[in-house]
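Reader: Could you take me through the backbone of this model, with a close look at one part of it? I would enjoy one connected answer.

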Amino acid sequence: MTKFQLLAATALSMVAGATPTIAQTVTPATEPAAVQSEGTTTTDDDWGNEIIVTANRRAEPIQDVPIAVTAVNAQLLDDAGIRDIRGLEQLAPSLQTTTGQSSAVSTSLSIRGVGTAGDNPGFEPAVGVFIDGVFRSRAGIAIAELPEVERVEVLRGPQGTLFGRNTSAGALSVTTAMPKFDLGGYVEGEYGNYNAYELKGALTGPVSEQLALRVDGGYRKRDGYIDDVNSDRAFNDINRWYVRGQALYDTSAFSFRLIGDYYKTDEQCCGVVSSTRGATAPAIQAIAAQQGRTGIYTGPPSDRRMAASPNRDYGEAVRDWGVSGEINADVGEMKLTSISAYRDFRVLRNQDIDYSGIDRAYRDSYRSSLRNITQELRLQGQLFDGKLDFLVGGFYLNEKLQLRDTVRLGNDANRYVDTLLAGVLGQPPSAGGIGRAAQFYGSFNVPTFTQLVTALRGGAALPAGTVPLFSQLLYAQSTQLQAAGAANPALFTYFNTPLTPNVAGQGNNNDDFQVDTNAFALFTHNIVNISDKLSLTLGLRYNYERKELAATVNSNPAACGFFLGNDPRAVLYRNAIRTASPALFQNLFLLSCNPAVSSEFNGNYDHDRSESRLTGTAKLAYKFTPDILGYASYDRGFKSGGYNLDQASFDTRVLGGDGAQATDLEFGAETVDSYELGFKTSVTRQFSFNAAFFYQKFKGLQSLIFAGNSFVVQNVPESTAKGVELESLIQPIRELTFRLGYTLLDASYDADNDFSGTPLQNQQGRQFLNQPRNVVTVAATWQPRLTSTLNALFHVDMRYNSDVSIVRDGTGATTVGNDGYPLLNGKIGIATDDRRKQLEFFVENITNQYYNISGFAIPEQTGTYGVYPAMPRFYGVRARFGF
């Protein structure tokens with residue numbers, strides 16, 4: 001799909017008056033919108049669901065615009081209680097949003113089944129977010145509280161020939177309310193369960209006939225909804241505020257809009273509840289019980305209760321600010337647009353990464369920052385008496401991404417290794433053990449060698465509470481080792497001494513990554529009006545991008561010395577373990593010196609990559625009748641490659657790899673060929689029906705996948721997303737509006753991919769994870785008149801997702817998923833005609849439906865899975881006073 005009319009759409013006029021309306025439209029975030037202002041009344045004939053867009057200074061009904069886009073106006077956003085872009089999926093069936101281990105860096109947006117899973121800021125989004133024309137380079141950065149919004153557009157399919165940054169799956173364009181030349185403003189307050197309260201407002205007005213100002217601000221707080229069974233804490237709370245100022249200088253031929261904003265949070269996110277416990281769970285429960293705590297909460301996930309270490313938390317503090325300036329100037333019969341922006345985003349996080357009541361591992365003061373400088377220029381106009389609508393533009397991005405990772409080992413790190421492996425070794429040989437518990441790091445009392453030999457020969461049992469070292473067992477059963485030990489007493493001592501354990505606080509100290517990106521693009525988008533009924537659109541984009549990586553790894557787990565050192569005694573012991581059990585050696589290594597914290601990779605790494613690509617669009621549109629439009633389109637999309645900023649991506653020599661190289665962090669580009677057929681009908685102003693049929697072929701699809709210990713990026717050779725989208729808007733009377741949507745999605749890795757030996761093993765031919773095949777959305781609003789100036793308000797919206805697989809194991813079986821479910825929201829209230837004064841009661845998740853937002857396999861806990869639970873029923877009262 002293309003953004004066919006986005007190049008010149010300069011206004012969105014909601015003819016439906018005070019009735020909430022949503023339909024297909026494309027309007028640029030960089031142009032003022034002619035929406036009905038507060039205080040305006042409507043005539044008896046001023047209603048219906050016809051929506052007008054102004055393209056190249058020509059007003060035309062949205063049903064004449066050949067593009068698949070879902071547009072939501074300010075009133076419907078308010079009625080649906082949408083506070084940030086994640087809530088848009090309730091109204092847009094082809095949009096899917098998820099949040100992982102961090103709301104700041106792990107939010108994922110997908111359109112038509114394709115997106116970018118979060119959890120590593122080095123991974124750029126496939127769905128771009130543009131706020132007032134400014135590109136927000138990561139989805140998590142764009143989830144801040146939205147100020148007053150005029151409209152939001154969800155553009156489906158590759159973007160790139162009309163504006164700014166190219167994206168391979170789609171884009172969200174958010175247009176906020178501009179300063180006005182009439183004094184006005186509002187104050188809004190809200191209180192709800194979970195001790196939630198919010199206060200926000202705005203003030204706008206003129207300074208002169210050509211200069212107007214506006215300031216928005218808000219504060220929101222809510223208690224968490226995931227309880228910690230080991231303390232009185234609750235995770236997933238909200239505590240955030242923002243302030244935003246604007247200045248608008250506007251003449252008939254020139255305008256300049258200056259925006260500055262500052263946003264801050266201090267929250268605890270994101271808690272994980274246990275959905276399935278594996279064979280490692282008893283070890284965690286035992287270690288926690290010894291300290292009077294719960295290791296893993298075993299109740300149903302719907303209890304929204306989890307076990308966390310009392311000395312660890314999920315603190316997340318975000319600071320995001322920026323400034324942008326937009327110029328629109330008439331140049332003869334053409335229009336020149338310039339958007340310049342500077343953005344600075346920083347997050348500081350703590351994390352209990354074992355997701356349990358023991359102190360196995362954690363993150364402490366993890367830092368990530370992103371600084372962006374962007375510049376966009378566009379020139380658009382008409383030639384040959386309107387036969388050609390043209391746009392030419394350029395875009396530049398300078399980005400500096402910095403990350404400091406701090407995965408560290410906790411107080412129970414060694415005890416977990418010893419407890420877990422002692423349990424495994426204590427199993428009979430038929431179950432994979434040796435019939436006797438053994439340890440490695442001395443977490444339990446160690447018997448003398450004489451005591452062990454006596455017990456092995458049927459004599460006195462080992463003293464209570466003692467567990468032999470595995471090295472003692474090897475020594476006692478090997479005549480070769482005994483002979484070597486007799487000749488070298490130091491060897492005997494080594495095999496009867498615990499291995500050097502890790503010390504709490506060791507791990508990444510610190511891992512620092514930096515990626516500098518410079519991207520430059522030239523693009524053009526041209527509409528040839530062949531006749532009154534037939535138009536041809538041709539667009540082209542040249543994109544050049546260069547990324548430079550600089551990384552410093554500095555990890556210090558003491559236990560790594562055994563696996564990496566050259567001490568002959570350690571070499572002998574390592575080989576003895578490998579000979580006894582290769583699986584035991586691998587597990588001991590991964591538990592003691594995991595690649596995520598291994599000192600093997602210490603050093604400095606530098607790498608750079610550059611790529612250039614031509615992409616474009618072609619679209620043919622035909623007006624069969626005044627009420628029926630058909631179109632066919634082709635788009636070529638592109639997303640550049642990059643770097644996975646995680647030392648666990650390095651290839652360890654301990655397990656047969658070729659060692660750490662900067663290229664281990666690199667992943668390749670993603671391209672897509674997208675085909676679409678669509679038609680739009682508007683039999684009357686009260687009814688419209690639109691359909692789109694799409695087929696998208698991806699090559700090199702960038703998939704961020706959890707590989708058991710860390711997230712890795714895998715370029716999938718070929719993937720396909722295809723389906724049908726249906727939307728209808730029905731407004732039988734002015735007071736009543738229905739909006740219906742349906743998406744049928746078939747999105748999967750192609751069956752002929754070979755995923756053997758990769759984290760995607762046996763995933764070929766299966767639906768993408770967490771992407772429902774069927775989605776239905778319904779929104780209904782009824783505003784019956786109570787008095788000459790007062791209306792009632794009844795609103796309900798519903799999204800139904802069919803069943804999904806969220807996590808699959810290596811066999812392709814679903815281990816975490818959701819059955820099909822509806823999510824229902826509603827609102828009842830009263831409001832004046834101009835909606836300046838409102839009082840309403842709202843409920844989100846009316847039926848208290850439980851579902852998993854996302855999930856994953858818990859690191860180092862085989863067979864144990866955690867999920868991020870959705871929020872339970874939330875309700876409250878909201879009042880608004882405007883002037």
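This is a predicted model: local features need pLDDT of at least 70, side-chain atom pairs count only at pLDDT 80 or more; totals for chains, interfaces and linings use all residues.

Y194 sits in the loop that links strand 13 (184-192) to strand 14 (196-206). Its phi is positive, about 60°, although Y194 is not a glycine. D385 also has a positive phi, near 55°, and is a residue other than glycine. You will find D385 in the loop between strand 24 (361-383) and strand 25 (388-405). With a relative accessible area of 84%, D385 is exposed, because that value is over 50%.

The bond from C269 to C270 is cis, with omega near 15°, and C270 belongs to the loop between strand 19 (254-268) and strand 20 (273-276). Another cis bond runs from N509 to N510, with omega near 5°. N510 lies in the loop between helix 7 (489-495) and strand 27 (511-529).

Finally, let us turn to a residue within a strand. N852 is part of strand 43 (residues 852-857). Its relative accessible area is 9%, so N852 counts as buried, being under 20%. The N852 side chain reaches the backbone oxygen of G817 at 3.1 Å. Leaving aside residues up to four places away in sequence, N852 touches I806, V816, G817, N818, V867 and Y868.

Technical notes
Residues are numbered from 1 along each chain as its sequence is written. Side-chain values use heavy atoms; hydrogens and water are left out. Helices (H or I, at least four residues) and strands (E, at least two) are DSSP runs, numbered from the N terminus. Buried means under 20% relative accessible area, exposed over 50%, partly exposed in between (1.4 Å probe, protein chains only). A polar contact is a pair of N or O atoms within 3.5 Å; within protein, one must be able to donate a hydrogen and the other to accept it, and residues adjacent in sequence count only if both atoms are side-chain atoms. Contact means heavy atoms within 4.5 Å.
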